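Please inspect the sequence and the structure before reading each solution.

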Amino acid sequence: GDAVAFRSKLDTDLYALAKARAEPCRVSASADGSRFAVTARDAKVRVFETRTGRCVRVIDESAAALDARRTAWLDQTRRDAADDDDSDDEGPAPADGAAPWRPGL
């Protein structure tokens, strides 16, 4: 079959890079060539399907986005630690009689 299923970049999501004025910095392809990622100056990584040119994921790598993810992770870690400190109880046993799951074991 054809390597691509489109005739023009207008039939793809590739034109979104130009619309966003996101100058590409680097392109990397998956080992099997089915997808490629474009890193752009707007601090976003866009993952495309090679055959269709459709964007399947956008990852925001800006400082603000990274700070937000780090803060969320730290908040969750603190809540998990507080939950562990508040409870020596393992909770109810599963209905099937199996031992309850315990993190770290």
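**Exercise 1: Charged contacts**

The side chains of Asp 42 and Arg 46 meet in a salt bridge, with 2.7 Å from N to O; a salt bridge here is a side-chain nitrogen of Lys or Arg within 4 Å of a carboxyl oxygen of Asp or Glu. The model is a predicted one, in which local features need pLDDT of at least 70 and side-chain atom pairs count only at pLDDT 80 or more, while totals for chains, interfaces and linings use all residues. Residues are numbered from 1 along each chain as its sequence is written, and side-chain values use heavy atoms, with hydrogens and water left out.

Task: classify Asp 42 and Arg 46 as buried, partly exposed or exposed.

Solution. 
1. The classes are buried (under 20% relative accessible area), exposed (over 50%) and partly exposed (in between), for a 1.4 Å probe and protein chains only.
2. Asp 42 has 26% relative accessibility, so it counts as partly exposed.
3. Arg 46 has 8% relative accessibility and therefore counts as buried.

**Exercise 2: Salt bridges in a helix**

Task: state how Asp 67 and Arg 70 are placed relative to each other in helix α2, and do likewise for Asp 75 and Arg 78.

Solution. 
1. Helices (H or I, at least four residues) and strands (E, at least two) are DSSP runs, numbered from the N terminus.
2. Asp 67 and Arg 70 form a salt bridge at 3.0 Å, N to O. Because they lie three residues apart in α2 (residues 63-86), about one helical turn separates them.
3. Asp 75 and Arg 78 also form a salt bridge, their closest N and O atoms being 3.4 Å apart. They too are three residues apart in α2, which means a separation of about one helical turn.
4. Arg 78 is exposed at 54%, whereas Asp 75 is partly exposed at 32%.
5. In total, the structure holds seven salt bridges.
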